[in-house]
Amino acid sequence: MAKRVIVESDLSGEPDAETVSFAFDGKAYTIDLTEGEKEEFGKLLAKYIDVAEEATTATGQQTIPAQAQSTGPDPATVRAWAQANGVEVSAKGRVPHSVVAQYLKAQEESADA
């Protein structure tokens, strides 16, 4: 049986997003964007990219930022919390930033209580 993982936009929650990687100020980031959001993101960055130099190593190879290491909560813990609290989340794949944010907010509120 084939399974399809649907990646949702971190901005809009729309389906069929793709993960976009970028780096800024020495930090690597990823974000899930729809095709239209990715196009808008590219347009916003275009004036900076047009005048920027590509980062290269001493051997002249282009440097590509490594995927950002996750320092957030355990995805399995977030999924379990989401399911227990009626927040829709897929059983596999990356947990959307919006769900992680809800989880962190709930943890903060329960710690304050």
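User: How do I read strand pairing here, and in which sense do E1 and E2 pair?

Analyst: Strands (E, at least two residues) and helices (H or I, at least four) are DSSP runs numbered from the N terminus, and two strands pair if DSSP finds at least two bridges between them. In this case, E1 (residues 18-24) and E2 (residues 27-33) are antiparallel over seven bridges. Ala23, for instance, has Ala28 in E2 as its bridge partner. Bear in mind that this is a predicted model: local features need pLDDT of at least 70, side-chain atom pairs count only at pLDDT 80 or more, and totals for chains, interfaces and linings use all residues. Numbering runs from 1 along each chain as its sequence is written, and side-chain values use heavy atoms, leaving out hydrogens and water.

User: Next, burial. Which residues of H2 are buried?

Analyst: Buried means under 20% relative accessible area, exposed over 50%, and partly exposed in between (1.4 Å probe, protein chains only). In helix H2 (residues 75-84), Val78, Arg79, Trp81 and Ala82 are buried. Looking down the H2 axis, these fall within an arc of 165° and so line one face of the helix; the arc is taken from the directions from the helix axis to the C-beta atoms. On the face turned away from that buried side sit Gln83 and Ala84, both exposed.

User: What do the buried residues of H2 pack against?

Analyst: Helix H3 (97-112), with contact meaning heavy atoms within 4.5 Å. After H2 comes Gly86, with a positive phi near 70°.
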